[in-house]
Amino acid sequence: MKNFSQRFKIDCSPVAHESSVIVRKNVRFTVLTPCLLRVEVQSKGKFCDEPTQSVWFRDFDKPAFEVKDGKGTVEIKTTKANFLYSLTSKKMLRITLRDGREVTDYKSGNLKGTCRTLDITAGIITLGDGVCSRGGVALLDDSDTLVLKADGTILPRENKESDIYYFAYGNNYIGATTDLYKLTGKVPLIPRYALSNWWSRYKAYTQEEYLTLMDKFKDAEIPITVATVDMDWHWVDIKSKFGKDSHKPSIHKNFMEYVYDVWSTGWTGYSFNTDLFPDPDAFLKKLKEDNYHVTFNIHPSMGVRWFEDQYEDMCKAMGMDPKKKEAVKFDITDKKFTENYFDILHHPFEKKGVDFWWIDWQQGTHTNVPGLDPLWALNHYHFLDNAKDNHRPLILSRFCGAGSQRYPLGFSGDTTQTWKSLDFQPAFTATASNVAYPWWSHDIGGHCMGKKDDELYVRWVQLGVYSPVMRLHSTNNEFAGKEPWNYSSPIEKIATDALRLRHKLLPYIYTMNYRTHMDCRAICEPMYYAYPEDENAYNCKNEFFFGTELIVAPITEHTSLDTNLAGVNVWLPKGRYTDIFTGRIYSGNKFVKMYRDVDKIPVLAKEGAIIPMSENDRTNDCSNPVTLEVLVYRGNNTFTLYEDDGETLSYQQGEYLKTDFTVKQYGDKVLFDISKKEGTADVVPSKRNYVLKFGDIVSADVAVTVDGKKAAAAVKKCGKTLEVTVTAKPDSTVEITLENCTYLQNENRKVALTNVISKFQMSTDYKGMVFGSFIKGEKDIPSNISDNFSGPIKEILALD
């Protein structure tokens, strides 16, 4: 068996190249990139070359720079910036960027990062800083972090003073975040199953109830891939079950801590509640047979008490007498406890079917090691422990500072069921990119409080489809469940279709997962990443890139009773964009307020967008599909689809496949190619059906070749799109030529206006009087109508 240091060894390179280091008295400068400078102040001259909780890698390339010593100052000049530092005051006096900006305020203009939790919040909250700033410079202050020792322990620094990283990247936000990943660690590749739909609820299910519910999802053909079991899987009502001596409160710092401790006696547990789960092994076996991946919720703060099934084993391992019934205290700083915590309390469950753990730590920030937050330690050790036996590791837990991207996924906490909460989440998710935290998982639909609101629910589900993780969740109120059938029939259908679409998008989302892992790009990014020089990109916070091909603008406002439509203000960069649901085509370089029925939100494909999807949207099969549906929009682009087995670490040994999909447009001619780029076809089915849906081509003359030979293909018109189906081996080259193309055009303006005005809830006769001449093009928009009515009309007029 591996010892502690072997079990919790990390891959790191914390020592910078000697040629990148400058020391002046008790200050050390490390030039990591032309834009990234580390400055340490140590009165004893003992600087830190160990990995910290945030920073694991300092062995960057060796950038060119010059050093100029002044009277009490040192100036470091790189190709991108000049850094002027005072050795007297121990302060950075000025950073001059190559665009001419002189920066002295390193906090101003910060575009923010994220926060620990959204627990019981309703709307905008204060976020911590990120490394992107409109001021041109941002800081990562690493002074208060602890160091990771070679034996796997986490300890305070020997000489803690000041350790600050200056990110002087100007408006190059992608460069700043990419180097933050390089500095703190890349994001691991997420298992494929985690990117479809999760079921989660804080509810004391019985074994039969939970399995029946999963069967109901299956019968409804709603694909759920992760079965989450909240805390009631273990004993919760401790006093009534085991008596008054089952819980002995510890010494408390204040009255509220005492109240919380007594109230929460059942939060920690490791023994199945056999009143609810009479046959735990059969429960887990059935979930695994039905292809669910399983996570259990844990709150480990109270340690192991005498009534737990594992108590005697823990006592024996810890050298305690079980007859005394003294609790084995939770101490994640103790190596012996930590090893037994995993070996005795967690691994047996994993062998029976628990894939990973939901670490729901809410019990403070202190441990026996000064400065060590137990949440950070739990995230660190749990993630490393989960990476055994070629298993791709995963946890679900709260954010705990820079570097937390190494431990996906993030649990954003118990959000309130309100429109304000929904409205904040798109920007919150995208902004987390600024601190390299790409994998937030929200309580889709809201967790608690609020009131029943079918429209709020379905708008949240629609956002969930285009969120990093799609996890339905709610509190234990009997009427709070987020099952689609708990809502009105129209809403049930819309939510069901949305959940199916999420599963269908797995090939696209999984490829973006690989992009995050390799290229350090979040699946949800702010618009200003691609357009940092355009002021408009900063004024559309709830709009974001969803991967490389799509722009998503969730609707987070009520439907108007006047029009039965809801709107969202969308900024369109320069270019052509097509809504994948409505087929409307928009020219960019402007704001357009887009209005949609309750079943849609604006999801815009760029020119040349290529969006691979699975044909399967009815079962929870996550494997690489036999039939790939590929949504294609004319233009010029290449999309590289990434596939592997989805669960193991074998991709690191070359067991993966990359396939290039390329579209090129020449006037009324479009070429589309499919070709193997690299890897092995062994990870996908031996033959593939490619269903190519050309989203903005109405008709064309189609010719297909496979490996240079003419091949049969099924061609049909499907509404506004042209569909071409061809079968080939995954390592074959497929070429499709579409000539004499008729391209999709926006609907006739009069027809479009008639359709939208027909939705308005007003007298038909009055409608005819007010809008009749306008529809005919004889008059402008009537000036005496409200914005509720004029808004949807203006959207039609903004179309090409």
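Good morning. I begin with a loop: Leu409 is placed in the loop between strand S17 (395–397) and strand S18 (410–411). The peptide bond that joins Pro408 and Leu409 is cis, with omega at about 15°. As background, most peptide bonds are trans, and most residues other than glycine have a negative phi. Please bear in mind throughout that this is a predicted model.

Lys25 is not a glycine, yet its phi is positive, at about 55°. Lys25 lies in the loop between strand S1 (21–24) and strand S2 (27–33). Is Lys25 buried or exposed? Its relative accessible area is 73%, so Lys25 is exposed. The second residue is Ile120, whose phi is also positive, near 50°. Ile120 is found in the loop between strand S8 (102–103) and strand S9 (138–141). With a relative accessibility of 47%, Ile120 counts as partly exposed, because that class covers values between 20% and 50%.

I turn now to the aromatic side chains. A pair of aromatic rings is described by the distance of the centres and the angle of the planes. Over the whole structure, the search finds 58 aromatic pairs. One of them is formed by Phe349 and Trp357: the pair is edge-to-face, at 6.0 Å centre to centre and with 85° between the planes. Phe349 and Trp357 are both buried.

Why is the pair of Phe760 and Phe771 edge-to-face? The ring centres are 5.8 Å apart and the planes stand at 65°, and an angle over 60 degrees counts as edge-to-face. This pair links distant parts of the chain, 11 residues apart: Phe760 is in the loop between helix H15 (749–757) and helix H16 (764–775), whereas Phe771 is in helix H16 itself. Phe760 has a relative accessibility of 2% and therefore counts as buried. Phe771 is likewise buried, with a relative accessible area of 2%.

Phe349 and Trp357 also belong to one aromatic cluster, whose members include Tyr205, Tyr210, Trp233 and Phe283. Charged groups also meet aromatic rings. The charged end of Lys182 sits over the ring of Phe60, 4.7 Å from the ring centre. In the case of Lys325, the charged end sits over the ring of Trp306, at 4.1 Å from the centre.

Helix H3 (residues 207–219) packs against helix H6 (residues 280–289) at an angle of about 5°, with the axes 11 Å apart. H3 is therefore roughly parallel to H6, since angles under 35 degrees fall in that class. On the H3 side, the contact residues are Gln207, Tyr210, Leu211, Met214 and Asp215; on the H6 side, they are Pro280, Ala282, Phe283, Lys286 and Leu287.

Finally, I come to a sheet. Strands of a sheet pair through backbone hydrogen bonds, either parallel or antiparallel. The sheet in this model is open and has six strands, in the order S21-S22-S23-S28-S25-S26, with antiparallel pairing. Which strands stand at the edges? They are S21 (524–526) and S26 (585–587); each has a single partner strand, so one side of each is left without a neighbour in the sheet. From one strand to the next, the twist averages 35°. Within this sheet, strand S22 (residues 544–546) and strand S23 (residues 550–552) run antiparallel and are joined by three bridges. Phe545 stands opposite Ile551 in S23.

Thank you for your attention.

Methods: Residues numbered from 1 in each chain as written. Predicted model: local features only at pLDDT ≥ 70, side-chain atom pairs only at ≥ 80, totals over all residues. Heavy atoms only, no water. Phe/Tyr/Trp six-rings, centres within 6.5 Å; stacked < 30°, edge-to-face > 60°. Buried < 20%, exposed > 50% of the residue type's maximum accessible area, 1.4 Å probe, protein only. Helix = DSSP H or I, 4+ residues; strand = E, 2+ residues; numbered from the N terminus. Lys NZ or Arg CZ within 6 Å of the ring centre and 35° of its normal. Pairing = 2+ DSSP bridges. Axes fitted to C-alpha atoms, helices over the stretch in contact; angles between N-to-C directions. Parallel < 35°, antiparallel > 145°, perpendicular 65-115°, else oblique. Contact = heavy atoms within 4.5 Å.
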